[in-house]
Amino acid sequence: MPVQGARALSDLTITEPLNRPVAALLRPCEIRAFVENVKQTQGNLENIFIISCTCPGVIPASKLLREDREEILKNHSENIRNSCGACLEFVPGQQADMTVLVASDEPHKGTVIYLHTEKAVEIAEKLDSCTLETGKPPAELTSGILEARKKALKDLMRDIPAPGDGLQSLVSLFSACIGCRGCREACPLCSCILCDYETARTLHSPELVRTEAKRKGSIRVPAGTLQFQLGRLMHISPICTSCGQCSDVCPVDIPVADIFIRAANLVQESLDYAPGRDTDDTPPMATYVEKELPSITD
Amino acid sequence: MNSILKDLLRKALDNGIVSSVMVPSKGPGNSFPWTLVSDVSALQRAEPVPPVMSVQGAKALASFTQSMPEGKLLAVMRPCEARAAVELSKLEQIDLDNIILLTMDCPGAVPLGEYGEDGITEPDINDPATLRPLCRQCTGFTSAGDLCLAMHGGLNAVLPLTASGQELLDSLGFKAEADISGWEEWANAQRGERQVTRVENMENLKEAYSGLQGLIEVFSGCISCRSCRTVCPICYCRLCFIDMKDRRSPASEHLERSRNGGAARLMSNTLLFHIGRMAHMSLSCVSCGMCEDACPSDIPIGRLISMVSADTTAVFNYSAGSNPEDPLPLNTFLPEELHEYED
């Protein structure tokens, strides 16, 4: 996944809706991210016909670049990203118009396409040499993959530092960060033109940096490495679609996506929000409810 | 840490000649973050020449020195970092007035992606395989800033390069080295070898990627993560020209392009971004290689920009970071110049 599809589609539609129909081939996480983009007025779904697939996951870019390409492609499922291995939403939701069966428990013959919308049925009329079905792909076709993914997600949630592990574990995790901000730029949901952590409001003033160095004896410069990571975690975790792009881009192999996936699972569960499911679901941070989250407020 | 350097840093802080030292230190895991040290005891963790360049030193320095109200700061950095600091001072991102730059005979740095227990642990100046591609062809590996720690040609001493460097050595009671000819000989020989590699690499790059088609090819793997820009010490703009709203193409224009060409790349400003960046920063490029180190797509971007920089600086007879007194070429108006480029 060189560029997350939602970013490309946002690039295409951010200024105006498409005036002609365009078919977009997107993985499920790319669809979900784009739905979130639409909610944040970073894109428009009009005239987009979405073709998706039961997603087998993608291979980390660095693996393909630096290791034996043929060998890795041969063993695709063993070489996918951590985030893909732990992804439970690899079957497209209601936003897709058609779904091509790619990942399935048992090998299948030929091209099998599931049609979800009238438009899809209309287009598919002209397709021969494909097996066409209407409705969602039956759950039993991919239930084995789902079980394996659930186990992987559980392991990921267990192994990545928890809030109880304290500040020091986070400091260690991000200590090698070189501040390239690749994670932010590659993220389909970090769409701000100017990030909060580049503004004069958030940057540490020269005076503060020197005062802190005096007070503590020594400090890390540039300051704000952890502040950036935690801030992004706070901004993104309610809407993170767990695509794994942030880990893929990291030049020092910090498991950024694992950290975000863990936080996203916990945050989205407590907010009862599923990012990318439906354009009508209002983003939790844009919703005011007078009485909510009693478990957290007390 | 080199004992002479250790002694110098300690004395400079202890005697209050400088109020702080900026130096890389050993962090958790295998990390080497820059630290601003005010207390002598914190110098114990200092690693003045870490195996990797995690953040370009000038970038770290610029994060807190736009103004320098009180007390002197001693910054220990690689020669390319000191040169970038000089460029940033010309660009008004660093106030060098109260800053002393101390560099060393730089062994080079291990590529970030190859550093680690299972990979390369130390750069070896004599083994190019342990160095980043830009370090292998670096001719400015020593003698930058105000002072330089010379460790070759039979020398182990801090040499003054400017008046403020000399002043620091005098105030600490460090004696001048009588004979530096062995070290100079070593540096000249090393520089000569590197120059050969550099010219050879540039020729190869030019051959492989010249013209628009070559650029399209080399940047085809770009994923627009902009890490090259973010880690570059010279790219200091808070909001890059490429991210401005007026750079966005309307959907209809994308469709038009696609119809005309049969297909059009989305995130269509990839090449504009890279060429624009070269136009903006190549005159001040110090060939530190940080951009190439950060690139997740293994694009030889540092070597490319360094090559472009060699050509653009030659036009203006400018050498990035060498002399703080040389004005930035694009900030200088001459009524008569560059006639050879007219017409």
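The model is predicted: local features need pLDDT of at least 70, side-chain atom pairs count only at pLDDT 80 or more, and totals for chains, interfaces and linings use all residues. Residues are numbered from 1 along each chain as its sequence is written, chains are lettered from A in the order in which they are written, and side-chain values use heavy atoms, with hydrogens and water left out.

Chain B is divided into domain 1 (3-197) and domain 2 (221-341), with bounds from an automatic or database domain assignment. The table lists values for this pair of domains.

| Item, domain 1 and domain 2 of chain B | Value |
|---|---|
| Separation of centres, over C-alpha atoms | 27 Å |
| Buried area | about 2,000 Å² |
| Residue pairs in polar contact | 12 residue pairs |

Buried area is the accessible area (1.4 Å probe) that two parts lose on being put together, summed over both. Of the area buried between the two domains of chain B, 62% lies on carbon and sulfur atoms. On the domain 1 side, B:Glu87, B:Lys90 and B:Leu134 lose the most area to domain 2, together 31% of what that side buries.

Contact (heavy atoms within 4.5 Å) links 22 residues of domain 1 of chain B with 25 residues of domain 2 of chain B. The rule finds one salt bridge across this interface, a salt bridge being a side-chain nitrogen of Lys or Arg within 4 Å of a carboxyl oxygen of Asp or Glu. B:Arg132 forms a salt bridge with B:Asp293, with the closest N and O atoms 3.1 Å apart. A polar contact is a pair of N or O atoms within 3.5 Å; within protein, one must be able to donate a hydrogen and the other to accept it, and residues adjacent in sequence count only if both atoms are side-chain atoms.
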